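This briefing goes through one predicted protein model by topic. The sequence and structure come first, then the overall figures, then selected residues and pairs.

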Amino acid sequence: MIDGTHDLTIGYSDNVFGSGSEGIFYSVGIGQDLTETIRLRLELGHHDLESAYDQSYSYAEVVVSGFAQSIEWQLSYVTTSDAAAELFYESTIEDRFVLALSVSF
């Protein structure tokens, strides 16, 4: 985490997805509080899987999240580059909305 609104991530695996080969992950994100309880975030990422699968792919995610009392929620829109279709089942890489709810008690 660079600060409260920007972050940069670099990850490495010498056995990415159990392939026995290396993979590198890069992402950059930026967030902005819209109100005291609602936040907007954009993340762009790239999975370099050339050593393992002779393929790489990128993704983008837009997230709106918030909280009220004991409930936290997050609505995301995720899209991946066409190259992901060479690596994964199409149903797992299609553009999609994801809603997550969390209740604390």
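Helices (H or I, at least four residues) and strands (E, at least two) are DSSP runs, numbered from the N terminus. The protein has two helices and six strands, in the sequence order β-β-β-α-β-β-α-β. The model is predicted: local features need pLDDT of at least 70, side-chain atom pairs count only at pLDDT 80 or more, and totals for chains, interfaces and linings use all residues. Residues are numbered from 1 along each chain as its sequence is written, and side-chain values use heavy atoms, with hydrogens and water left out.

**Confidence**

- The mean pLDDT (the predictor's confidence in each residue, from 0 to 100) of the protein is 91, and 96% of the residues score at least 70.
- Strand E3 (residues 38-49) has the highest confidence, at 96, and helix H2 (residues 90-93) the lowest, at a mean of 76.
- Where pLDDT is low, the predicted coordinates should not be read in detail.

**Overall dimensions and surface**

- Along the principal axes, the C-alpha atoms fill a box of roughly 45 × 30 × 25 Å.
- The accessible surface is about 7,200 Å², and 57% of this belongs to carbon and sulfur atoms. Accessible areas come from the Shrake-Rupley method with a 1.4 Å probe; for residues, only the protein chains shown count as cover.
- Of the 105 residues, 21% count as buried. Buried means under 20% relative accessible area, exposed over 50%, and partly exposed in between (1.4 Å probe, protein chains only).
- Contact means heavy atoms within 4.5 Å. Among contacts between residues at least 6 apart in sequence, 33% join residues at least 24 apart.

**Strand pairing**

- Two strands pair if DSSP finds at least two bridges between them.
- Strands E4 and E5 run antiparallel and are joined by 10 bridges. Phe67 stands opposite Glu72 in E5.
- E4 and E5 form a hairpin with two residues between them, and Gln69 in the turn has a positive phi of about 55 degrees.
- E5 also runs antiparallel to E6, with eight bridges joining the two. Here Ser76 stands opposite Val98 in E6.

**Aromatic pairs**

- Rings of Phe, Tyr and Trp (its six-membered ring) pair if their centres lie within 6.5 Å; planes under 30 degrees apart count as stacked, over 60 as edge-to-face and the rest as tilted.
- The whole structure holds four aromatic pairs. One of them, Tyr57 with Phe88, is edge-to-face, at 5.4 Å centre to centre and 85 degrees between the planes.
- That pair links distant parts of the chain, 31 residues apart: Tyr57 is in strand E4 (residues 55-68), and Phe88 is in the loop between strand E5 (71-80) and H2.
- Tyr57 is buried because its relative accessibility is 10%, whereas Phe88, at 27%, counts as partly exposed.
- The rings of Tyr77 and Phe97 have centres 4.9 Å apart and planes at 55 degrees, so this pair is tilted.
- Tyr77 lies in strand E5 and Phe97 in strand E6 (residues 96-103), so the pair ties together parts that are 20 residues apart in sequence.
- Tyr77 is partly exposed at a relative accessible area of 30%, and Phe97 is exposed at 64%.
- Phe17, Tyr57 and Phe88 form one aromatic cluster.

- Arg39 is in strand E3 and is partly exposed, at 23% relative accessibility. Its side chain makes a polar contact of 2.7 Å with the side chain of Asp33.
- Glu43, also in strand E3, is buried at a relative accessible area of 14%. The side chains of Glu43 and Arg41 are joined by a polar contact of 2.9 Å.
- Not counting residues up to four places away in sequence, Glu43 touches Phe25, Ser27, Val28, Gly29, Tyr59, Ala60 and Glu61.
- Thr80 is in strand E5 and counts as buried, at 15% relative accessibility. A polar atom of the Thr80 side chain lies 2.8 Å from the backbone oxygen of Ile93.
- Apart from neighbours within four places in sequence, Thr80 is in contact with Ser58, Tyr59, Ile93, Asp95 and Arg96.

Notes. A polar contact is a pair of N or O atoms within 3.5 Å; within protein, one must be able to donate a hydrogen and the other to accept it, and residues adjacent in sequence count only if both atoms are side-chain atoms.
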